[in-house]
Amino acid sequence: FKHYPEEMRGDISFVFLGQKQNSREGIRHYKDREPDTAFITRISGLVEHIARSKTSRQLANLLKLHEQLLGEQLEMQPVQERLFADFEGQITSLGAWGGDFVMCVNQAGHESTAAYMKSCGYDVCLRYEEILLV
């Protein structure tokens, strides 16, 4: 993520949800499933594209696909569908799905994301620069 262009960084925020998930449980849930090499190949390629995104729109579209694929594979509803269905942009879980932090991409910028999250009861909304070492 540190390689994202400056103009994208203002559109990326990280929100603390305070819903700590046990990472071991998440890993066990995944490992209990039959290995799917096609899925692993597809998701790995997608992550490479996410890391090389050049625009906020491209990043949001790739993250949406990533969340959909993981949701299908894990048989879990993505966090945006569950908690933030009306968010203008894309939200993705970080760490074990449904955990403490989400990453938000909103072309309206951080202030818009922070205001939206505050209206949903989430007060900790950090700018890209506050959470990532660049």
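## Overall picture

Among the contacts in the protein chain with a separation of 6 or more, 67% are between residues 24 or more positions apart, where contact means heavy atoms within 4.5 Å. The structure is a predicted model, in which local features need pLDDT of at least 70 and side-chain atom pairs count only at pLDDT 80 or more, while totals for chains, interfaces and linings use all residues. Residues are numbered from 1 along each chain as its sequence is written, and side-chain values use heavy atoms, with hydrogens and water left out.

The protein chain has 7 helices and 4 strands, and along the sequence they follow the pattern α-β-α-α-α-α-β-β-α-β-α. Helices (H or I, at least four residues) and strands (E, at least two) are DSSP runs, numbered from the N terminus. Of the 134 residues in the protein chain, 40% are buried; buried means under 20% relative accessible area, exposed means over 50%, and partly exposed lies in between, with a 1.4 Å probe and protein chains only.

## The sheet

The 4 strands form an open sheet in the order β2-β3-β1-β4, with antiparallel pairing, and two strands count as paired if DSSP finds at least two bridges between them. The edge strands are β2 and β4, each of which pairs on one side only. From one strand to the next, the twist averages 25°, an angle taken on a scale from 0 to 180 degrees between N-to-C directions, with axes that are lines fitted to C-alpha atoms, for helices over the stretch in contact.

Strand β1 is mostly covered, since 4 of its 5 residues are buried. It is joined to β3 by 5 bridges, and these two strands run antiparallel; in β3, Val102 is the bridge partner of Val15, and Val105 is the bridge partner of Ile12. Between β1 and β4, which also run antiparallel, there are 3 bridges, and here Val15 stands opposite Cys125 in β4.

## Helices against the sheet

Helix α4 (residues 56-74) packs on the sheet, where it touches β1, β2 and β3, and its direction makes about 50° with that of β2. Helix α6 lies across β1, β2, β3 and β4, and runs at about 170° to β4.

Which residues of helix α6 (residues 110-119) are buried? They are His110, Thr113, Tyr116 and Met117. Seen down the axis of α6, these buried residues fall within an arc of 130°, so they line one face of the helix; the arc is that of the directions from the helix axis to the C-beta atoms. The buried residues of α6 pack against β1 (12-16), β2 (90-93), β3 (101-105) and β4 (125-127), whereas Glu111, Lys118 and Ser119, on the other side of α6, are exposed. After α6 comes Gly121, whose phi is positive, near 95°.

## Nonpolar cores

A nonpolar core is a set of buried Ala, Val, Leu, Ile, Met, Phe, Trp, Tyr and Cys residues joined through side-chain atoms within 4.5 Å. The largest one has 17 residues, and those with the most contacts inside it are Tyr4, Ile12, Ile50, Leu59, Met103 and Val105. The elements that give two or more residues to this core are β1, α3 (37-51), α4 and β3, and α4 gives the most, with 6 residues.

Apart from this core lies another, of 12 residues, among them Val15, Leu17, Val79 and Cys104.
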